[in-house]
Amino acid sequence: MAKSRRWLGLAPASIIMLGLFGGSLGYGIAQSLGWLPFLGQRQLSLAAYRNVLAGEQLGGQWWQALLFSLWVSLAATLGSALICLGLLSSIAERQQQYRGLSTISNLHLAIPHSVWAMALLLVLSQSGIFARIGFALGWLDQPSDFPVLVRDRWGIGIIVAYITKEVPFLLLMGLASLRQQGREYLLVAQSLGANRWQRVRLVLWPLLAPSLIGGSLLVFSFIFGAYEVPALVGVRYPEMLATMALELFLNPDLHARAEGMAVSLLMSLIILLVIGLAWRWRRAEQQP
Amino acid sequence: MSYLQIEQLTKSYAKQTILQNINLNLNQGEFLALLGPSGSGKSTILKLLAGIEAPDAGEIRLAGHLLNPVAAHQREIVLLFQQPYLFPFLSVAENIGFGLKARKVAKKLIAQKVAELLDLIELSGMEQRKPQQLSGGQQQRIALARALAVQPKVLLLDEPLSSLDPEIRGSLQGVIARLHRELQMTTIIVTHDLSEALALAERTALLINGSLVADLPSIELFERPPNRAAAQFVGVGAIIAGHMHGTTFDSKLGQFNGNFGPNTFHVAIRPEHIQINNSALQPSIAAQIIERRYLGERWEYRLQAAEQLIVVREAGQAPRDIGQTVDLHFPPQQLFALAD
Amino acid sequence: MSYRSIVWVLALILLVPIAVFLIYAFAQGWFFPALWPERWDRALFLRQLADPQLRRAFGQSLVIATGVSGLALMLGYPAARVLELQAFRGRGLIYGLFFLPTVVPSVATGIGLNIVFLRLGLAGTLFGVMLVHLIPVLPYVVLTLGSSLARYDRNYELQAAVLGASPWFVFWRVSVPMLLPSLVVAGVLAFLISWSQYVLSLLIGGGQIITLPMLLFSAASGGNQSLIASLSLIFIAPLLLLLGLVARYLGSPATGATPRP
C-alpha cells in the first residue's frame, strides 16, 4: 500500500516534468538534426551543427558569441562571489542572527531581471540619471562624454546588472551554511589562538565554500543561458549565445530553425558539462 | 474472552525484526505497563495498536472485532506520544476539542466537555492560552485531556513522562493514577522505568529484543522475576549458576537448599535480602567490597566472591569500607529459580 | 562593513530603481541635462493604466501566474512529501529530474517545445502557456516545500489521526496550518517566476497570449523612457505587494524558501 501511495504522490509532478522536459529535449535534438517535417524535410544530418561551428557566416558568429558569453558569465559570477565573500567575512564574527539580511535579500526577488535591466538603463545610459548628475557637477559637457555603460560592446551593462542581482542570491546561499553554528566555530578558533586572517582562511572559507561554489555554479549556468538581460541592455554585436539562438529560431527563414536549435542545445550541453564536472568534484571531495 | 487481544504480532523494518510473535491480553479497565529497554520494540506495539503502522503478521482484536483492517482514525484507540504534540496554531480549548470536532460534535457540547476535562486535570481557566505559553508538564496534561476527550476504548501512553523533570513526573504519575481510578479506562503505558511501572500498573509485561519475556503482576515481576532476562532487567543481588543435586543447588558459591525443580540452572535473590556479617546465619560466603554508593535510606555495595558479582543493599548502617572482606548469607527461603 | 550597513545598502539598491521609475513615470518635459523635472504629470501613467492592451496583458499575466502557482502547489506538495518523508530507491534520480530544469536555459526548453505545442494545439492558449511555465516553476515549489518538510515532525499528523481525524481532516486542519508559511512562500515564488517569464511565454504564446514582460520588451526597443518606467512600475507592483505580505516568513529557515539566481 505504501508503495502505491508513493507513486501516486510523485507521478503527476514527475510525469509533467518528464513529458515537458523530455519532450522539449527530444524535439530539440530531432530538429537540430534537420528533421523538419513541416518543411517536408525528414533527412537527418549534422548540417546545422556544421554550419554553426564552422560555417562561413554562422561559424564566426558562434565563436564570438561563445567567447562573449563566457566573458560575461565568468566576470559576473566571479564579481558577485567575491563581493559576497567579502561581505560575509566582514560580519560573520559579530553576527548571530541573519533574519534582516535574509529578508532583504529575499525581497530582491520582487524586481525581476528584466525590470532590473530597465532601471539600469535609466540610471546608467548617456542621458540617464548618473549622466545628469555628472553634468550638474560640471564633469561633462554633453551626453557623449559619459562612458557607454549600457548597451556597450564589452557587456559592462549586462555584467553590472547581473552582479547587483546575484549578490543577494549568493548571500542567501552563504547564510544557509553560516546559520548553522558559523559563529561558534569562529569563536572556538579564536579561543585556540587563530588571528583574524587565519580564522577567515581556515574556518570561514571552508565553511562557506561548498554553498558559495555551488551557488556560483548556479549563477554561472543561469547567466550563460539567460536571454532577457542581454536582450535588453546588450548590443547586437557582440551578442550572447541565448540571443543568437532565439534570433535564429525566430528568423523568417524556417531553415534557420535547425541552426537556432543547434546553438541552444550546444549552449545547454556546455552548462550541463560544467554542472556535471562540479558534481563529480563534490563527490570526490566528500569521499575519504 | 479478553477485551483487547494481541495474537502473534510480528513486525520488522528493513529486514530487522522489531517484534516477534507477541501475545498479550487485556481485560476492560485494566492498566498494563509495557516495560523494556530502549529499542526493545515496546513503542512499536503501541503504534501497531493505534494503527499508525501495520504489522507484518498477527491479529489485534478489540471486544472481539478484528482491528487490522481498521484505519487509525476509526479505531477509537488513542496514542499519547512522548512529546505532547499540541497543535501550536490552536488554543488549549481547541486542542482538547480537536478529536470531538473531527467527530462533528456540536460546538456547545465540545465547550462543555472541554471545561469538564480542564477541571479534571486541574487546569481550569486556561482555555484561551496557546500551547507555547504552558510549561512542559501542563502541556502533557492538556495532551492527556485531549486524548480523554474522545473517550477512547483503549488509551496508549508512550513514555509520556520521560521528557519531564523528576518532580513534575511524580505529580503527573499521580494524575494518571487518579484518572485511571476514576475513569477505569483500559490503559497501556510504555516505559523503560521499572519504578514507573510499579507506581502505576497492576500488571507489567516485560519486552526484551522484540519478545515478551514476562507478563505478571507488577510486584511479582519485581520480587520474583521468572527468568534470567527479566532478572537482569529488574536487577537482582546475584544470579548464581549451578545445577540441582537432589534437593540442593550446587554452585561455585556453595550449596543452597531448596526445591527449585529438577531443571534449574540459575537461582537468584534480591539485593535487600542478602545478609552481611550476621554470624548467627549459616552458611556464609566470604566476599570483598569493591564499590559502594548511597541510594538514600540504603547503602548499595558491589562485592566479589569466587568471580561472582553480588549486589547487596543494606539499610540504616554506617558505611562499610571498600576493600573489606565480609561474610554474606543468602536466606534459602528468599532464593528463587530462574528459567533460561 | 557592519551588518547594519550591509542591510541598508541592500535596501537602498532595492529602493533606488523604484524611485527612478517613479521619477521617470511622472516627470513631464524632463530633458537632458536637467537634474530635476520641471513639472509632474500623472496623465501618461493614468493613460497607461487605462490602455486596453495593457489591461489585457495584465489580466492574462495574472490568470497565468495564479493558475501556475495553484497547479504547481497541487502537483508539488504530494511530490515533495514523498521525496522528503519516505526513503526509497531512485529518490536521487527524481530529485535530479526536478533540478535539471533549473539549470537548462528556458531558451532551449522553449524552442524545443514550440513545435510540440503547435502540434498539440496548445500553442497560443492560456493553458499551454501555464503548462510550459511549470518547467521553471515546479522545481522551485518542490525544492521549497521539500526543505521545509525536512524539518517537519510528522507525529503531529499521526497524533491527529489517532484522535480520530480522517486523512482529509488531518490535511486541512493539521498539515496545512503547520506548513502554511512554506506553502504561502512557495506559492508566491511560483507566481513570481511565472509573472517574470518572457521567453517561454513568447515561444508558446505565439503572439496570441500577450503578457506584461512582452509589453516591457517592446517598450524597451521603442526607447520611450517614461513608458518604460510606467510599465516597470505596473510590472513590479504586484510582486512588491506579495513579497511584502510574506516578508516576515522569508527570513526564517523553517520556511525553506529556495533561493533563485
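This is a predicted model: local features need pLDDT of at least 70, side-chain atom pairs count only at pLDDT 80 or more; totals for chains, interfaces and linings use all residues.
Two pairs of chains touch, and the pair with the most contacts is A and C. Chain A and chain B, by contrast, do not touch. Chain B is assigned two domains, and chain C holds 11 helices and two strands.

**How the chains meet**

- Chain A brings 78 residues to its contact with chain C, and chain C brings 70 residues.
- On the chain A side of that contact, helix α1 (residues 2-32) of chain A gives the largest share, with 17 residues.
- Sorted by class, the side of chain A that touches chain C has 49 nonpolar residues, 22 polar ones and seven charged ones.
- For chain A and chain B, the nearest C-alpha atoms lie 10 Å apart, and the two chains do not touch.

**Inside chain A: an enclosed helix**

- Helix α4 of chain A covers residues 99-107, and seven of its nine residues are buried, so the rest of the structure largely encloses it.
- Those buried residues of α4(A) are A:Leu101, A:Ser102, A:Thr103, A:Ile104, A:Ser105, A:Asn106 and A:Leu107.
- The cover over them includes α7 (156-179) of chain A, and also α1 (3-26) and α11 (225-250) of chain C.

**Inside chain A: a helix pair**

- The helix α7(A) also packs against helix α9 (residues 196-225) of chain A, with the axes 9 Å apart and at an angle of about 150°.
- The crossing of α7(A) and α9(A) is right-handed.
- From α7(A), the residues making this contact include A:Tyr162, A:Phe169, A:Leu170 and A:Met173.
- From α9(A), they include A:Leu207, A:Leu208, A:Pro210 and A:Val219.
- In the contact of α7(A) with α9(A), 11 residues are nonpolar, six are polar and one is charged.

- The domain assignment places domain 1 of chain B at 4-223 and domain 2 at 236-338.
- The centres of these two domains of chain B, taken over C-alpha atoms, are 39 Å apart.
- Chain B has an open sheet of six strands with mixed pairing, in the order β6-β7-β8-β3-β9-β10.
- Strands β6 (77-80) and β10 (211-217) of chain B are at the edges with a single partner strand each, so one side of each has no neighbour in the sheet.
- On average, neighbouring strands of this sheet are turned by 15° against each other, with direction ignored.
- Strands β7 (residues 154-158) and β8 (residues 186-191) of chain B run parallel and are joined by five bridges.
- B:Leu155 has B:Thr187 in β8(B) as its bridge partner.
- Helix α1 (residues 42-50) of chain B packs on the sheet and touches β3 (31-35), β6, β7, β8 and β9 (203-208) of chain B.
- The direction of this helix α1 of chain B makes about 150° with that of β7(B).

**Chain C as a whole**

- The C-alpha trace of chain C spans about 70 × 55 × 35 Å along its principal axes.
- Of the 261 residues in chain C, 52% are buried.
- Among contacts in chain C between residues at least 6 apart in sequence, 75% link residues at least 24 apart.

How values were computed
Residues are numbered from 1 along each chain as its sequence is written. Chains are lettered from A and ligands numbered from 1 in the order in which they are written. Two residues are in contact if their C-beta atoms, placed from the backbone, lie within 7 Å. Helices (H or I, at least four residues) and strands (E, at least two) are DSSP runs, numbered from the N terminus. Ala, Val, Leu, Ile, Met, Phe, Trp, Tyr, Cys and Pro count as nonpolar, Asp, Glu, Lys and Arg as charged, and the others, Gly among them, as polar. Domain bounds come from an automatic or database domain assignment. Two strands pair if DSSP finds at least two bridges between them. Axes are lines fitted to C-alpha atoms, for helices over the stretch in contact, and angles run from 0 to 180 degrees between N-to-C directions. A residue is buried if 20 or more other C-beta atoms lie within 10 Å of its own, exposed if 12 or fewer, and partly exposed in between; C-beta atoms are placed from the backbone. A crossing is left-handed if the near helix is turned anticlockwise from the far one by less than a right angle, and right-handed if clockwise.
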